[in-house]
Amino acid sequence: MRIPLVDLSAQYQTIRDEVLPAIERVLEGMHLYLGPEQTAFEREFAQYCESRFGIGVANGTDALTVALRACGIGTGDDVITVSHTFIATAEAIALVGARPIFVDIDPATYTMDWRQLEAALTPRTRAIIPVHLYGHPADMAPILDFARAHQLRVIEDASQAHGALYNGQRVGGLGDIGCFSLYYSKNLGAYGEAGICVTDDERLADAMYALRDHGSRVRYHHDVLGANSRLDEIQAAILRIKLRHLDEWNEMRRAHAQHYATLLAKSGLVLPASSAWAAPVYHLFVVQVPERERLRAALEQAGIASGIHYPIPVHLQPACAYLGYARGSLPRTEMVAERVLSLPMYAELTSDAIDVVADQVTAALDVAAMSR
Ligand SMILES: *Cc1c(COP(=O)(O)O)cnc(C)c1O
C-alpha cells in the first residue's frame, strides 16, 4: 500500500458531482471579473469565521500583503512574527517594505510565544502576525492584550487553520484581520491559487477591496496603487462547495489525529499537543523525532510519504540573511526544525492506512533503538 502525504484525488471523487456543474455554471454565465461566485464566497466564508467582511484575493501571500497595506504598514515599520512558518509570512512583511522581527515559539504548540513579545518591541513596531501553524491556534488572548497595550495591529496568518477554534471562536476572526491561503492542499483549498482576508472593521475592508483591484473602487478610477489580486470566479465556485464540507472534513482529520495518538502513545515520539484553549484542525500531523532522517527513509521504503514543515527556519534562510539573525538566536525554533516530521494527514485517509503508518513508525523506531 502506498500512502501519500495528502491525496487530493480521493477528495475530488467525493465532490465531483457538485464541482463540475458549478464550473459549468460559471462558464455559462461568463461573468469572470469580480462576479457573483466571488461575492457569495466572500459572504459565506466571512460568516463561517464569524466576521463581517470577506475580501477574496489571488493567494495567501497576497492576503497578507493586502492586509498589511490596509493597515498602512510599509517602509520603516517593524512587524513581529515567527520564524517557524512558511516563508510567505515573512515575505509578505518584506514585500510591503517593512522589517520582520522574529520571536521564538512555544515548542508544545509550535506557535508564537507571547512571552517573547516585550523584548521584540521597537519604537517602529506596528503589528504582530501570529501563525496558527499545523492547524493549532496560537494563544491569542495574551497576544491581543499586548497589542492593545502598545497600539499594534494583529493580523492572523490562519492559512493552515480554516475552522480551528480558539476558546470557542473561529481563528481569523480574532485579530484586526485574518488571512487565509486557499492553496490547493490547505484544509480549504481551491483547484488553483486563491486566498481571502476577513475583518469586522469596515474601513479596513473597504481599503482591502480597493487594494486587491488596482486600488480601484470605481472602474478606471484609482485612489491608490494596489495589486492585481482578485479571487478567480471558477475557484470561488469550487470553494463555495468545499466550504460546505469543511467542518465534516476537519472532524475526520481530528478523528485521524486521535487514532494516530492512540497508536503512537508509547512510541516515544513527541505528538501534537492540543491546548486547553484550542480545537485544532490538523492541517498537518507533526511529530518530533531525534533521528528523523532514519525514520523518513524507513517509511519511504515501506511506501509511506512524510514531509518536513519546515527544514530551515525563515530567519536562517539565505533570503533573510540581510535581517542579521545568527544561528542560535531562536533556539526553540531551530531545535524543532531539526526534529519535526509530518505523517500522512487528510480527511479521506483510512483507518487501515493509519494502522500501517503507525506500525511502520513503531517498527522503525524499535530497529533504531536496538542498533544503538
Ligand atoms: C500556505 C501558506 C501561506 C501562503 O499562501 P499561498 O496561497 O501559497 O500564497 C502563508 N502562510 C502560511 C502559514 C501558509 O501555510
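Is Cys 197 buried or exposed? With a relative accessibility of 0%, Cys 197 is buried, and by buried I mean under 20% relative accessible area, with exposed over 50% and partly exposed in between, using a 1.4 Å probe and protein chains only.

Quick housekeeping. This is a predicted model, where local features need pLDDT of at least 70, side-chain atom pairs count only at pLDDT 80 or more, and totals for chains, interfaces and linings use all residues. Residues are numbered from 1 along each chain as its sequence is written, and side-chain values use heavy atoms, leaving out hydrogens and water.

Okay, cysteines. How many disulfides does a search of the whole structure find? It finds 0, where a disulfide is a pair of cysteine sulfur atoms within 2.5 Å. Cys 197 is in none, as the nearest cysteine sulfur, in Cys 179, sits 4.2 Å away. For Cys 71, the closest cysteine sulfur is also that of Cys 179, at 8.7 Å, so that is too far for a bond. Cys 71 is buried too, at 7% relative accessible area.

Now over to Arg 170. Arg 170 lies in strand β9, residues 169–170; helices (H or I, at least four residues) and strands (E, at least two) are DSSP runs, numbered from the N terminus. Arg 170 is buried, at 14% relative accessible area. Its side chain reaches the backbone oxygen of Tyr 48 at 3.0 Å. Leaving aside residues up to four places away in sequence, Arg 170 touches several others, including Glu 50, Leu 165 and Asp 247, with contact meaning heavy atoms within 4.5 Å.

Last stop, helix α6, residues 140–149. Its buried residues include Ile 143, Leu 144 and Phe 146.

Notes
A polar contact is a pair of N or O atoms within 3.5 Å; within protein, one must be able to donate a hydrogen and the other to accept it, and residues adjacent in sequence count only if both atoms are side-chain atoms.
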